Amino acid sequence: QVQLVESGGGLVQPGGSLRLSCAASGSIFSFIVMSWYRQAPGKQRELVASIIRGGKTNYADSVKGRFTISGDNLKNTVYLQMNSLKPEDTGVYYCYAYALGSTYWGQGTQVTVSS
């Protein structure tokens with residue numbers, strides 16, 4: 001059973017940075033897509049960024065130029081570097097992985113951007 005464990009969330013002031021980590025119990029190379037989603041209070045979960053096996057990435061318009069998704073195959077970890085954070089980036093951030101025929105979610109990590 002694949003497990004995804006997120007870490008790195010916390011409280012940060014507007015304009016600050018955080019790096020989220022998603023550690024997989026198996027090789028991330030086995031996943032076709034790995035993504036970060038977020039859910040703000042009272043809102044639907046939304047896609048933030050994805051990385052496809054081979055390295056292609058895509059981002060939500062709201063985070064382009066500020067967030068970077070990357071993967072480390074040796075550590076079986078996917079990262080989300082978040083810079084120039086805004087209060088509207090507040091929410092629970094979830095790691096997601098898709099392998100052929102299966103999807104996996106982490107438990108989420110809280111990110112709060114506030115002064």
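**A walk through an all-strand chain**

Buried residues account for 41% of the 115 residues in this chain, which comes to us as a predicted model. Keep that share in mind as we look at how the chain is put together.

Start with the secondary structure: there are eleven strands and zero helices. Read from the N terminus, the order of elements is simply β-β-β-β-β-β-β-β-β-β-β. The chain's radius of gyration is 13 Å, close to the 13 Å that the globule rule gives for 115 residues, so the chain is as compact as a globular protein of that length. Along the principal axes, its C-alpha atoms fill a box of roughly 40 × 25 × 25 Å. As for who touches whom, take the contacts between residues at least 6 apart in sequence: 52% of them join residues at least 24 apart.

Now for the inside. In soluble globular proteins, nonpolar side chains tend to be buried together. Here the largest nonpolar core has 27 residues, and Met34, Trp36, Leu80, Met82 and Tyr93 are the ones with the most contacts inside it. Strands E3 (18-24), E4 (33-39), E5 (46-52), E7 (67-72), E8 (77-82), E9 (91-99) and E11 (109-113) each supply at least two residues of this core.

The chain carries 10 positive and 6 negative side chains, and the centres of the two sets lie 4 Å apart.

Conventions:
Residues numbered from 1 in each chain as written. Predicted model: local features only at pLDDT ≥ 70, side-chain atom pairs only at ≥ 80, totals over all residues. Heavy atoms only, no water. Helix = DSSP H or I, 4+ residues; strand = E, 2+ residues; numbered from the N terminus. Rg over C-alpha atoms; globule rule 2.2 N^0.38 Å. Buried < 20%, exposed > 50% of the residue type's maximum accessible area, 1.4 Å probe, protein only. Contact = heavy atoms within 4.5 Å. Lys, Arg positive; Asp, Glu negative; His and termini not counted. Charge placed at Lys NZ, Arg CZ, Asp CG, Glu CD. Core = buried A, V, L, I, M, F, W, Y, C linked by side-chain atoms within 4.5 Å.
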